[in-house]
Amino acid sequence: MGYVVSTANMKGGVGKTTLTVNIATCLAKNHGKRVLVLDLDTQISATLSLMSPMEFAKRRKKRQTFRYLLDQIINPDSKPKYIIQDIIQPNVCNLSGLDLLPGDIDLYDEFLVSEMLHEQAVALGENNFETIWNRFERVLLGKILEPIRQDYDFIILDCAPGYNLLTRSALAASNFYILPAKPEPLSVVGIQLLERRIGQLKESHEQEAEIDIKILGIVFTMSNTNLLTGRYYKQVMHRVNQDFGSNKIFQTQIPVDVNVARAVDSFSPVVINSPQSTGSKAFSQLTQELLQKL
């Protein structure tokens, strides 16, 4: 069974999705790994980094997105039309070994989830609704991924910014998480918030099951020469080193590179679109470092 890795940060705009799709692509392209990217963000940035909007629209019309699998958990159909293997798009970007489970712009309805869990609580005679909710978020992603976990070396979950149901469930289902951050003082706050939330997640579930997720490392993205030599960057690095230790920080940093942004226009990662670019080489080096850490 391979690794399940979440890419998460409480803050948006830190390059989380770019990190996800390029690490996944490097694992498949450079190291021969079988990799699945699961897009858990309603902005569907990971999906549109690996397939065109037209292709996504076709799949959404057929209900072949992650939303369908969620609906089967929340409001099951006795005769489901699709299984997870039908939803997964294999060999995206014409790259063997790189698969995508497309996200959706509308993933789930909070009211329907609450109604379903309330009915479960009544049926089970469970007075503590929090217990039922915790159990659901702990098993949701794990249950969906269970049929295909053996098929992949890596399943990488691209989480939405913030701390919603799917992010909590992704963290509960993961072996590791990667924390991308921009080299600026406010990044320290985002890192600390996520760490605190993960601590609370583990604590809230410890009565029923242990959540054994570990930080794989903090990755600084969108670095440039001015920031690298600047006073603010040094303050951030010093603070993060104090809080986490240098072993929790990836040595490889992802520089500002216009080729990374241009690659999005082609609906493919920069490591495919512009393999000789500075950004592409940094992602390749980061992926090598990730494998060494594991």
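Modeller: Rings of Phe, Tyr and Trp pair if their centres lie within 6.5 Å. This is a predicted model, and a search of the whole structure finds three aromatic pairs.

Biologist: What makes Y68 and Y82 an edge-to-face pair?

Modeller: Their ring centres are 5.3 Å apart and their planes stand at 75°. A pair needs centres within 6.5 Å, and planes over 60 degrees apart count as edge-to-face. Y68 lies in helix α4 and Y82 in the loop between α4 and α5, so the pair ties together parts that are 14 residues apart in sequence.

Biologist: Why are Y68 and Y82 called buried?

Modeller: The cut-off for buried is under 20% relative accessible area. Y68 has 3% and Y82 has 13%, so both are buried. I83, in the loop between α4 and α5, has 47% relative accessibility and counts as partly exposed. Its C-alpha atom is separated by 9.2 Å from that of P147, 64 residues apart along the chain.

Biologist: Which residues do ring pairs link into a cluster?

Modeller: The cluster consists of Y3, F154 and F176.

Biologist: How do you know that the charged end of R168 sits over the ring of Y163?

Modeller: The distance to the ring centre is 5.6 Å, and the limit is 6 Å, with a further condition of 35 degrees from the ring normal. The charged end of K293 likewise sits over the ring of F250, at 5.0 Å from its centre.

Biologist: What contacts does the side chain of E137 make with the side chains of R168 and H205?

Modeller: Both are polar contacts, at 2.7 Å to R168 and 3.0 Å to H205. The limit is 3.5 Å between N or O atoms. E137 is in helix α7 and, at 3% relative accessibility, counts as buried.

Biologist: Why is helix α8 described as largely enclosed?

Modeller: Nine of the nine residues of α8, residues 165–173, are buried, so the rest of the structure largely encloses the helix. R168 is one of those buried residues. N164 caps the N-terminal end of α8, with a side-chain oxygen 3.2 Å from the backbone nitrogen of L166.

Biologist: What makes the contact of D158 and K16 a salt bridge?

Modeller: The N to O distance is 3.4 Å, and the definition asks for a Lys or Arg side-chain nitrogen within 4 Å of an Asp or Glu carboxyl oxygen. The pair links D158 in strand β4 to K16 in helix α1, 142 residues apart. D158 is buried at 0% relative accessibility, and K16 is buried at 7%.

Biologist: How many salt bridges does a search of the whole structure find?

Modeller: The search finds eight. One of them joins D106 and R67, with the closest N and O atoms 3.0 Å apart. D106 lies in the loop between β3 and α6 and R67 in helix α4, so this pair ties together parts that are 39 residues apart in sequence. R63, R67, D71 and D106 are linked in a network of salt bridges. K214 also forms a salt bridge with D212, at 3.0 Å between the closest N and O atoms.

Biologist: Why do K214 and D212 count as partly exposed?

Modeller: Partly exposed lies between under 20% for buried and over 50% for exposed. K214 has 44% and D212 has 45%, so both fall in between.

Terms used: Residues are numbered from 1 along each chain as its sequence is written. This is a predicted model: local features need pLDDT of at least 70, side-chain atom pairs count only at pLDDT 80 or more; totals for chains, interfaces and linings use all residues. Side-chain values use heavy atoms; hydrogens and water are left out. Rings of Phe, Tyr and Trp (its six-membered ring) pair if their centres lie within 6.5 Å; planes under 30 degrees apart count as stacked, over 60 as edge-to-face and the rest as tilted. Helices (H or I, at least four residues) and strands (E, at least two) are DSSP runs, numbered from the N terminus. Buried means under 20% relative accessible area, exposed over 50%, partly exposed in between (1.4 Å probe, protein chains only). A polar contact is a pair of N or O atoms within 3.5 Å; within protein, one must be able to donate a hydrogen and the other to accept it, and residues adjacent in sequence count only if both atoms are side-chain atoms.
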